[in-house]
Amino acid sequence: MATVAPHRVRPGRSVELGLLALALALGVSAYALVGLAETGTLPADIFGYGAGLVGLSVGLHLVLRWRAPYADPVILPTVVALNGLGLAMIYRIDLAYEARERAAGFAERQLGWTALGMVLAAVVLVLLRDHRTLRRYTYTAMVVGLALIVLPLVPGLGTEINGARIWIRVAGNSFQPAEIGKIVLAVFFAGYLVTNRDTLALAGPKVLGLQLPRPRDLGPILLAWAASLAVLVLERDLGTSLLFFGLFVGMLYLATERISWVAIGLALFVGGALLASRVFTHVGDRFDAWLHPFDDANFNAEFGGSGQLVRGLYGLANGGLFGTGWGQGRPDLVPWAESDFIVASLGEELGLTGLLAILVLYLVLAQRGLRTAIGVRDGFGKLFAGGMAFVVAFQCFVVVGGVTRLIPLTGLTMPFLAYGGSSLLANWVIVALLLRISDSARRPASELAAPGGPGDDDVPDAVTGPAPAGSDQATELIDVRPS
Amino acid sequence: MSELTITLLRLGYLVLLWLFVLAAIGVLRRDLYGTKIVNRRLRRAERTVSPAVTAPPPAPGRPGPIPRREVNPRRLVVTAGPLRGTTLPLSTSAILIGRAPSCTLVLDDDYSSSRHARVFPQDGDWWVEDLGSTNGTFLGRERVTEPTPVRPGTQIRVGQSTLELQR
């Protein structure tokens with residue numbers, strides 16, 4: 001016989017500062033090593049770069065001390081380390097491109113986006129005092145999310161790059177609205193599923209040990225499937241389509257705990273993908289390049305060939321167990337080495353040892369997200385945090401699986417590592433939201449009730465009776481005072 | 001730069017990378033927050049041992065101090081049913097009992113409703129209220145039809161589980 005007693009939680013801000021110092025050391029020393037290897041001296045702007053990175057990270061750390069003192073201490077250092085590794089690798093590829101007189105300048109832009117992303121994360125943490133506020137905007141989020149997805153189809157606004165129509169051009173910068181769309185849609189999925197999960201988890205017929213849902217409850221999953229197929233057909237992007245459908249199925253599973261939804265989702269997706277590979281040549285080419293990458297016809301194909309994939313594999317092989325070292329490999333031989341194939345570039349220069357460390361960092365990040373989901377008291381927060389953690393892990397799987405030829409290559413970005421402003425901004429917002437939710441997950445109940453504390457609800461008086469803490473029924477009162 | 005320096009820097013960087021990873025995992029290991037499982041038998045064994053060591057037995061002829069009677073119960077204990085042994089600390093907020101995952105005490109019990117009953121503090125007392133459950137909530141032998149004050153030690157029956165307020 002055992003009893004369960006609440007455990008005292010330490011805020012862990014000093015632990016976070018210590019880890020942050022290590023993470024910054026990783027980023028700055030990588031930058032210095034790249035300079036040493038390429039030019040023989042330290043990069044001229046190493047001190048400015050280091051000071052900028054330290055300033056931004058410590059600034060975010062101070063915002064956490066101020067606004068979310070109980071936030072998870074591991075999330076921020078992990079993300080800073082990943083972002084620093086990505087910046088160093090992009091700078092390294094930049095130098096290689098310059099040496100070959102190709103278009104460069106990715107590193108500066110990525111640095112700008114990093115700064116913007118961290119400031120945006122701080123703004124989210126300061127403005128959003130309680131994640132439950134987001135639940136009010138469940139159906140607004142649906143409309144906004146769908147609008148963001150179809151935005152690239154608007155003539156004059158959307159642009160087509162390399163066959164996929166997922167960018168919009170605003171003031172000279174191209175931007176992927178779907179990256180922000182995935183956060184907005186996760187708000188909608190969480191709000192919708194927390195209200196309707198009882199219906200979706202209702203018992204239906206049981207087949208082969210699987211508890212199937214009733215046929216009439218299949219509506220939402222079919223709708224999500226059709227929408228992601230529409231993205232695939234109209235915007236011709238496998239990655240975005242896969243991401244949205246995966247997010248929906250993942251959150252559906254989180255909400256209902258029914259394996260059958262995963263089975264149905266997988267069956268629908270495999271069916272859709274097979275159909276698409278027959279009907280659309282650009283999807284079919286991806287399959288050919290995946291299954292037969294070493295065929296001459298596939299390797300030399302101008303579009304949708306396997307040249308990039310095979311060069312990436314050779315890069316990984318060149319790296320071996322311990323890698324060539326920063327600046328010693330030739331990752332620039334792979335097309336899109338700074339964005340789609342940054343994993344192969346890192347694998348070449350850091351080797352399997354380094355790449356595994358990076359994957360463990362992603363694992364830690366996803367685990368902290370899921371742990372937050374377990375710890376938080378309201379159902380909306382649980383689903384939302386779980387969904388965000390799932391998105392990060394899912395993107396990693398799809399990208400690393402594609403680069404290592406486990407699954408067909410799709411155009412998703414590696415969170416925090418790959419070059420791309422919209423992806424970086426979106427992922428920093430995800431981190432801010434996870435930190436916000438983890439703050440309320442780890443905050444002791446006594447402080448939650450204390451008036452004046454962040455995220456305080458109105459303490460109900462004795463006449464009306466206290467509201468059940470952490471209830472997430474459809475009638476939940478969300479009472480957040482504007483700060 | 002010599003070949004040796006390059007190799008040392010290369011391997012040194014990998015060491016630094018793994019140092020960070022292991023430090024992060026070390027924090028996670030220490031940070032398994034949430035709940036602590038206490039084995040009751042061990043604690044009872046400790047309790048039977050400790051008074052003998054710390055407190056001398058009361059002098060004969062003098063009655064021991066009368067235990068101070070606390071007015072407020074401090075915890076809700078499941079005394080029978082699948083969750084037997086579960087303890088919930090009582091605070092200022094109400095406790096929702098039922099099958100829905102959003103309840104404070106989630107019963108995996110076909111005989112309870114999704115939102116079955118509520119135990120809440122009011123005017124210094126704890127009250128139990130049935131939330132329109134199918135099979136009803138019983139206080140002792142009486143079916144609860146309206147919010148009823150609960151005395152510590154009285155049995156509250158919800159589905160197959162029996163709960164009790166304890167000091």
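Buried means under 20% relative accessible area, exposed over 50% and partly exposed in between, with a 1.4 Å probe and protein chains only. Helices (H or I, at least four residues) and strands (E, at least two) are DSSP runs, numbered from the N terminus. The structure is a predicted model in which local features need pLDDT of at least 70 and side-chain atom pairs count only at pLDDT 80 or more, while totals for chains, interfaces and linings use all residues. Residues are numbered from 1 along each chain as its sequence is written, chains are lettered from A and ligands numbered from 1 in the order in which they are written, and side-chain values use heavy atoms, with hydrogens and water left out.

In chain B, an open sheet of 5 strands runs in the order β5-β4-β6-β7-β10, with mixed pairing. Two strands pair if DSSP finds at least two bridges between them. β5 (105-106) and β10 (148-150) of chain B each have a single partner strand, so one side of each is left without a neighbour in the sheet. Strand β4 (residues 95-98) of chain B is parallel to β5(B), with 2 bridges. There, G98(B) has V106(B) as its bridge partner.

Strand β7 (residues 125-130) of chain B shows two faces. W126(B), V128(B) and D130(B) form the covered face of β7(B). D125(B), W127(B) and E129(B) form the uncovered one. In a regular strand the side chains alternate between the two faces of the sheet. Strand β6 (residues 117-122) of chain B is antiparallel to β7(B), joined by 6 bridges. F120(B) has W127(B) as its bridge partner. The hairpin of β6(B) and β7(B) has 2 residues between the strands, and D123(B) takes a positive phi near 50 degrees. β7(B) is also joined to β10(B) by 3 bridges, and these strands run antiparallel. Here V128(B) stands opposite T148(B).

In chain A, D72(A) lies in the loop between α2 (46-67) and α3 (75-99). D72(A) counts as buried because its relative accessibility is 0%. Its side chain makes a polar contact (N or O atoms within 3.5 Å; within protein, one must be able to donate a hydrogen and the other to accept it, and residues adjacent in sequence count only if both atoms are side-chain atoms) with the side chain of R368(A), at 2.9 Å. Beyond neighbours within four places in sequence, the contacts of D72(A) (heavy atoms within 4.5 Å) include R13(A), E16(A), L435(A) and R442(A).
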